[in-house]
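Have the viewer open as you read.

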Amino acid sequence: MYFSQSLDTLCSSNPSSPLHSPRSESTVDCGSHGTTVTIGGSSTTNTNRSSLLSNGSRPKRKGHSPKDSGGDVVVCTPWLPEGCRKYDISLSDEIRIFSKFVSISERERSVRNMVIQDLEKWLSTVFPTAVTNLYGSFAYGTCTPASALDLSCEHCVNICATLPRSVATLSQEYKVLNMVCQGSEGFLQVENVRENVKVNMVFSEVENTRVKKFTEKIHSWLKEFPNAVPVHSVLRHVLSQVRCGDVRTGGLSSCALLVMIIRICRVCDATDPAEILHSFLLDYGCEFSFEKHAVCGSKRSACLKHSADPIVIIDPTDQTNNLSENSTSQMLLQVRSQFLYCQMGLQKWSPSQAGRKGYKGRTPLSSIISHQSLWVRVDALKAAAQQPQPTFDTTTNDHGIIGEPEELIRTDELGSLVASLYKDGIEQPSWVWDIASDIHNANLREKALAEQEPEEGISL
């Protein structure tokens with residue numbers, strides 16, 4: 001029962017998608033004028049900014065947007081802070097850029113790896129036979145700064161007697177937020193107060209097969225529909241703006257939202273991010289019958305409801321379980337209204353709309369996403385870029401967080417391969433950049449050690 005509660009925080013990603021890799025930069029061509037926007041983990045720059053505004057100034061966050069020498073309006077958003085020409089960027093490109101922007105930075109990723117290692121070391125002293133499995137958004141690579149980490153702790157003996165008295169041995173950096181023990185199960189929520197990272201830990205005396213089955217299903221879906229990931233990032237943020245994404249108040253969980261998107265990809269044969277988003281908003285905003293049907297990500301055909309819940313979203317690992325059982329009729333009305341509102345907002349940017357050139361909005365996504373809170377994110381990333389990177393022991397991290405390749409490329413071949421592919425402008429799987437980054441950091445450490453003079457009486 002505690003695992004199912006914690007599972008509501010689950011969201012997913014395609015670990016092989018370059019849009020969600022932890023590499024420092026990705027580039028997206030934003031239009032016919034050759035403007036290339038570079039999205040980084042800790043900063044965002046426009047590599048062709050001088051061609052946008054001849055006076056070298058930047059577009060404003062608020063107020064009137066300037067024009068370039070050709071008379072085109074140059075706009076900026078939190079996910080495009082250096083600006084782009086208003087009508088150069090497509091909705092699909094913007095969805096991908098936004099998804100990269102709201103994902104955790106490289107530093108935030110390193111912090112979470114350190115937190116996991118801290119807790120695993122603590123668990124090894126409390127439950128020596130415990131086996132930990134990471135699941136949830138961080139495991140799939142689409143963790144946002146507000147996302148909690150999710151750990152399944154299996155083969156833990158005598159949980160009710162051991163766990164309550166062992167929390168006192170946690171490091172002072174951790175604060176216990178919630179703890180429940182019942183029978184052979186337990187749930188512990190802690191927060192690293194220094195880094196503001198929350199962790200949900202589910203304890204069981206036996207192997208939790210549901211975690212593995214659910215993870216396998218998520219990976220198979222995202223391999224089949226990789227563009228469901230950036231669309232999920234957009235919709236997740238849209239729901240959070242109107243407080244419809246919190247399961248504690250009856251909102252849609254990230255897990256439930258993912259199943260809804262997968263169904264759209266399957267039923268509508270949608271593959272392009274813009275196409276998926278439009279189909280999703282139109283279908284769930286006004287066409288789908290929540291009164292008669294359940295949302296099922298595994299089938300193209302309609303599924304009849306098996307319960308009287310206002311929203312029924314079928315768990316892919318348990319057909320009798322509703323992933324949205326806490327949603328109310330009032331929440332359903334609010335969610336559908338929000339989807340319909342977003343569809344109407346995006347429709348103004350359709351090429352078929354005669355008045356598109358005169359529309360006052362900045363970009364397509366700006367018509368459905370508020371900027372204010374996201375500018376805080378931009379400033380936070382700039383500030384974090386000045387801070388040192390946390391370090392952690394990669395040898396103890398065996399969860400496969402990033403999605404490791406079936407056959408690893410040898411390090412002596414990697415440098416020339418990455419250089420060649422980067423020169424040709426080919427997008428890389430995330431693991432290529434992960435390994436390249438590790439090699440680069442190792443080379444820097446070796447260089448620093450070589451430059452140090454040995455202490456007297458010590459031979460290196």
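## Cysteines

Cys 265 is buried, with 2% relative accessibility; buried means under 20% relative accessible area, exposed means over 50%, and partly exposed is in between, using a 1.4 Å probe and protein chains only. Cys 286 comes out as partly exposed, at 43%. For Cys 265, the nearest cysteine sulfur belongs to Cys 268 and is 8.6 Å away.

A word on the ground rules: this is a predicted model, where local features need pLDDT of at least 70 and side-chain atom pairs count only at pLDDT 80 or more, while totals for chains, interfaces and linings use all residues. Residues are numbered from 1 along each chain as its sequence is written, and side-chain values use heavy atoms, with hydrogens and water left out.

## The nonpolar cores

Which residues touch the most other members of the largest nonpolar core? They are Phe 280 and Leu 365, in a core of 63 residues. A nonpolar core here is a set of buried Ala, Val, Leu, Ile, Met, Phe, Trp, Tyr and Cys residues joined through side-chain atoms within 4.5 Å. Helix 8 (residues 254-267) gives the most to this core, at 10 residues; helices are DSSP runs of H or I with at least four residues, strands are runs of E with at least two, and both are numbered from the N terminus.

Skip the neighbours within four places in sequence, and Phe 280 is in contact (heavy atoms within 4.5 Å) with Leu 235, Leu 257, Met 260, Ile 261, Ile 264, Gly 285 and Phe 339. There's also a second, separate core of 28 residues, and its members include Ile 104, Leu 134, Leu 149 and Ile 159.

## Helices and a histidine

Helix 2 (residues 91-102) and helix 9 (residues 273-287) have axes that come within 7 Å and cross at roughly 90°. Axes are lines fitted to C-alpha atoms, for helices over the stretch in contact, and angles run from 0 to 180 degrees between N-to-C directions. The two helices are therefore roughly perpendicular, the label for 65 to 115 degrees. Leu 91, Ser 92, Ile 95 and Arg 96 on the helix 2 side meet Pro 273, Ala 274, Leu 277 and His 278 of helix 9.

His 237 sits in helix 7 (residues 228-241). Is His 237 buried or exposed? At 16% relative accessibility, His 237 counts as buried. Beyond its neighbours within four places in sequence, His 237 contacts Phe 98, Ile 369 and Leu 374.

## Strands

Strand 4 (residues 74-77) and strand 5 run antiparallel, joined by three bridges, and a hairpin links them through two residues. Thr 77 has Leu 80 in strand 5 as its bridge partner. Both faces of strand 4 are covered: Val 74 and Cys 76 are buried on one side, Val 75 and Thr 77 on the other. In strand 5 (residues 80-85), six of six residues are buried.

Elsewhere, five strands make an open sheet in the order 6-7-10-9-8, with mixed pairing; strands pair if DSSP finds at least two bridges between them. Strand 6 (131-135) and strand 8 (174-182) stand at the edges with a single partner strand each, so one side of each has no neighbour in the sheet. The twist averages 20° from one strand to the next.

Technical notes:
A disulfide is a pair of cysteine sulfur atoms within 2.5 Å. Angles under 35 degrees count as roughly parallel, over 145 as roughly antiparallel, 65 to 115 as roughly perpendicular and the rest as oblique.
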